[in-house]
Amino acid sequence: GVNEVLRMMVCVNEQHWVQVYFVTLWGGFKITVDGVEAFTETQVFDVKTVRRYVIPVGVAERHEVVIEKERPVFFAGFRPQQMRGFVNGVLVATGEA
């Protein structure tokens, strides 16, 4: 199924919700900003253990949101993947998919 693994409020004056979803069956991965899809990927095989996704958020007030997805080296499809959310370089959310 589709699981929400991270939810972050990005705000000072503008408020934006960043949400990260993971599809366990196929390794699908989606990032939305205010409910609008900002990034999507289906990953079946990858040699990298950590992937970083950079999403600019905001109009008048810009923020850099970085999502890190870390998978285990062995049997990654059968083990939890760690998710970390950063806003302007500060860790604000963690989750597991």
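Strands β5 and β6 run antiparallel and are joined by 8 bridges, where pairing requires that DSSP finds at least two bridges between two strands and strands are DSSP runs (E, at least two residues) numbered from the N terminus. Within this pair, Val-50 stands opposite Glu-70 in β6. The model is predicted, with local features needing pLDDT of at least 70 and side-chain atom pairs counting only at pLDDT 80 or more, while totals for chains, interfaces and linings use all residues. Residues are numbered from 1 along each chain as its sequence is written, and side-chain values use heavy atoms, without hydrogens and water.

**Sheet and hairpin**
- The antiparallel open sheet holds 4 strands in the order β5-β6-β7-β8, and its edge strands, each pairing on one side only, are β5 and β8 (90-96).
- Strands β3 (residues 28-33) and β4 (residues 36-42) run antiparallel and are joined by 6 bridges, with Phe-29 standing opposite Glu-41 in β4.
- These two strands, β3 and β4, form a hairpin with 2 residues between them, and Asp-34 in the turn has a positive phi of about 55°.

**Nonpolar core**
- The largest nonpolar core has 18 residues, and those with the most contacts inside it include Phe-29, Val-57 and Ile-67; such a core is a set of buried Ala, Val, Leu, Ile, Met, Phe, Trp, Tyr and Cys residues joined through side-chain atoms within 4.5 Å, buried meaning under 20% relative accessible area (1.4 Å probe, protein chains only).
- Among the elements giving two or more residues to this core are β1 (2-11), β3 and β6 (63-70), and β1 gives the largest share, 4 residues.
- Leaving aside neighbours within four places in sequence, Ile-67 is in contact (heavy atoms within 4.5 Å) with residues including Leu-6, Val-20, Phe-29 and Tyr-53.

Conventions:
Buried < 20%, exposed > 50% of the residue type's maximum accessible area, 1.4 Å probe, protein only.
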